[in-house]
Amino acid sequence: MVALLLDFLRLLGLMVGAVVAVMLLTGLFFEIMNARHPERRIQKDRVNRRKWKELRQAPISILTLSVCFAFGLFAQQQGWSLVPLELSWWSGPLMLMISVVLYDAWFYWVHRLLHSRVFYRFHALHHKSVAPTVWSNHHESFVEALLNQAYYAIIVFVLPVPWQMLVLQKLYDQISGMLGHAGFEHFASPAGRSPWPLASTVFHDQHHGTFRFNYGHTFSLWDRWMGTLHPRYDNTLKSFEPSGNEPDAPESRAPERP
Ligand SMILES: [Zn+2]
Ligand SMILES: [Zn+2]
């Protein structure tokens, strides 16, 4: 039992170290990109100086996500979960794709739940940043982090996904989560708007700016199906593309809370 616990703690330590390293590298990358391209700021009339306040919450967020993720991997390693498919040229990409699609649905509905009257108290901290920064990604309560990241503790019991693909997905989540909060649209492309399914930085930035649109993560599909897509999303993203229109009017200055 003690040996089992020590094994888990070793995995957890590795996970925390990896997340912190990826967070710092990604954050540094966006700090440099943002400083070089001030014209790409999404909410032109708002500047967020809450970076250090946001970072104070990061240890709780990182520890929670690391425990969930390490538990998923550990459960699989110990044979407590479904036996994963052997990694191959087809099983890896297929399992990864299914898991990304499933997590997007999980994230959308957990996020909708967090905006309900009962649960908003756990999400209010994250919404203190109306104009998010790359560091807002980890500015969340313990309950919010747990609800979102529980996916990684559960998925190994539902999907026979090889652990290497879960690591890739987590790496993608970490980087794309920070990208979504960067506050600057550096990668505007037609793939992020209709008829394509991907989201963008503008997508989640509008969520923070308005509190009531764009609840999804990787894709805009759930928001399009459920009628929660920001009405100017496609046009605003287009305005950041090199051949786009003039930028849209700034988002509503007095956001509505749920
Ligand atoms: Zn929200
Ligand atoms: Zn956010």
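Okay, let's start with charges: there are six salt bridges in this structure, where a salt bridge is a side-chain nitrogen of Lys or Arg within 4 Å of a carboxyl oxygen of Asp or Glu. Before I go on, this is a predicted model, so local features need pLDDT of at least 70 and side-chain atom pairs count only at pLDDT 80 or more, while totals for chains, interfaces and linings use all residues. Residues are numbered from 1 along each chain as its sequence is written, chains are lettered from A and ligands numbered from 1 in the order in which they are written, and side-chain values use heavy atoms, with hydrogens and water left out.

As a reminder, side chains of opposite charge can pair when their charged atoms come close. Take Asp 7 and Arg 10: their closest N and O atoms are 2.8 Å apart. Both sit in helix α1, residues 2–36, and because they are three residues apart there, about one helical turn separates them. By helix I mean a DSSP run of H or I with at least four residues; strands are E runs of at least two, and both are numbered from the N terminus. Asp 7 is partly exposed at 32% relative accessible area, and Arg 10 is exposed at 57%. The cut-offs there: buried is under 20% relative accessible area, exposed is over 50%, and partly exposed is in between, with a 1.4 Å probe and protein chains only.

Next one: Lys 51 and Glu 31 form a salt bridge at 3.0 Å, N to O. That pair ties together distant parts of the chain, with Lys 51 in helix α2 (residues 51–56) and Glu 31 in helix α1, 20 residues apart. Lys 51 has 27% relative accessibility and is partly exposed; Glu 31, at 30%, is partly exposed too.

And then Lys 170 with Asp 173, whose closest N and O atoms are 3.9 Å apart. Here we're in helix α6, residues 163–180, and the two are three residues apart, so about one helical turn lies between them. Is Lys 170 buried or exposed? Buried, at 6% relative accessibility, and Asp 173 is buried as well, at 8%.

Now the metals. Which residues hold the zinc ion (ligand 1)? The protein donors are His 111, His 115, His 123, His 127 and His 207, each through NE2, at 2.1 to 2.2 Å. A donor here is an N, O or S atom within 2.8 Å of the metal (3.2 Å for Na, K and Ca), and water is not among the atoms, so sites may look incomplete. Along the chain the donors of the zinc ion (ligand 1) are spaced H-x3-H-x7-H-x3-H-x79-H. Within that set, His 111 in helix α4 and His 207 in helix α7 link distant parts of the chain, 96 residues apart. His 111 is buried at 3% relative accessibility, and His 207 is buried at 0%.

The zinc ion (ligand 2) is coordinated by the NE2 atoms of His 126, His 181, His 204 and His 208, at 2.0 to 2.1 Å. The angles between those four donor atoms run from 93 to 155°, so the arrangement comes out as irregular. For the record, four donors count as tetrahedral if all angles lie between 85 and 135 degrees; four count as square planar and six as octahedral if opposite donors are over 155 degrees apart and all others between 65 and 115; anything else is irregular. The sequence spacing for the zinc ion (ligand 2) is H-x54-H-x22-H-x3-H. His 126 is in the loop between α4 (91–114) and α5 (142–154), and His 181 is in the loop between α6 and α7 (201–210), so to speak two distant parts of the chain, 55 residues apart. Both His 126 and His 181 are buried.Staying in helix α7, Val 202 sits there too, buried at 0% relative accessibility. Val 202 and Phe 240 are 38 residues apart in sequence, with their C-alpha atoms 9.1 Å apart.

Last, the record. An unreviewed UniProt entry lists "domain: Fatty acid hydroxylase" for residues 97–228; positions are in the numbering used here, feature names are shortened, and annotations may be inferred rather than shown by experiment. In the model, that span is 49% helix and 0% strand, with its end C-alpha atoms 24 Å apart.
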